[in-house]
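Let's take a look at the charged side-chain pairs in this protein. Have the sequence and the 3D view ready.

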Amino acid sequence: MFVFEKFYKKYAPEEQEVIVLIQKCLGAGYGNGFCSMIAISLGMVFCATGEIHIGEGRLEWPVTEEEQNGEKGWGRFEKQQICRIKVRKLLDENVPNHIAPEKFNGWAVT
């Protein structure tokens with residue numbers, strides 16, 4: 001969707017398939033004409049390599065204001081859910097200055 005183009009430019013172009021354990025859905029931020037939903041994961045397994053990352057990750061995805069309260073927004077993930085999704089890594093230059101990229105561990109859900 002064209003309106004989400006600015007959002008996805010902050011992330012690497014390569015998609016990776018992962019299995020994640022969801023801790024919780026934090027909520028939505030507003031800006032650029034859409035909502036940005038955020039969930040926290042407790043760990044990821046990268047399907048292509050089998051690499052395991054244990055620790056919190058930040059999963060983010062854009063939705064329209066109309067989609068926010070439906071299946072694409074708040075209803076997308078549930079607490080303690082295990083799911084297989086495709087993600088793109090947040091580019092280091094878009095990580096907040098006060099946090100190291102590996103600590104922030106940001107991903108766009110595609």
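Is R58 buried, partly exposed or exposed? R58 counts as partly exposed, because its relative accessibility is 23%. The cut-offs go like this: buried is under 20% relative accessible area, exposed is over 50%, and partly exposed lies in between, using a 1.4 Å probe and protein chains only.

R58 has a salt-bridge partner, E60, at 3.8 Å from N to O. E60 is buried, since its relative accessible area is 11%.

## What was searched, and how

Looking through the whole structure turns up three salt bridges. The term means a side-chain nitrogen of Lys or Arg within 4 Å of a carboxyl oxygen of Asp or Glu.

Keep in mind that this is a predicted model: local features need pLDDT of at least 70, side-chain atom pairs count only at pLDDT 80 or more, and totals for chains, interfaces and linings use all residues. Residues are numbered from 1 along each chain as its sequence is written, and side-chain values use heavy atoms, with hydrogens and water left out.

E17 and R84 form a salt bridge at 2.8 Å, N to O. This pair ties together distant parts of the chain: E17 sits in strand β1 (residues 16-31) and R84 in strand β4 (residues 82-89), 67 residues apart. Strands here are DSSP runs of E, at least two residues, numbered from the N terminus.

E17 is partly exposed at 34% relative accessible area, while R84 is exposed at 52%.

## The K9 and E5 pair

K9 and E5 also meet in a salt bridge, at 3.7 Å from N to O. K9 counts as exposed, with 59% relative accessibility, and E5 as partly exposed, with 36%.

Technical notes:
Helices (H or I, at least four residues) and strands (E, at least two) are DSSP runs, numbered from the N terminus.
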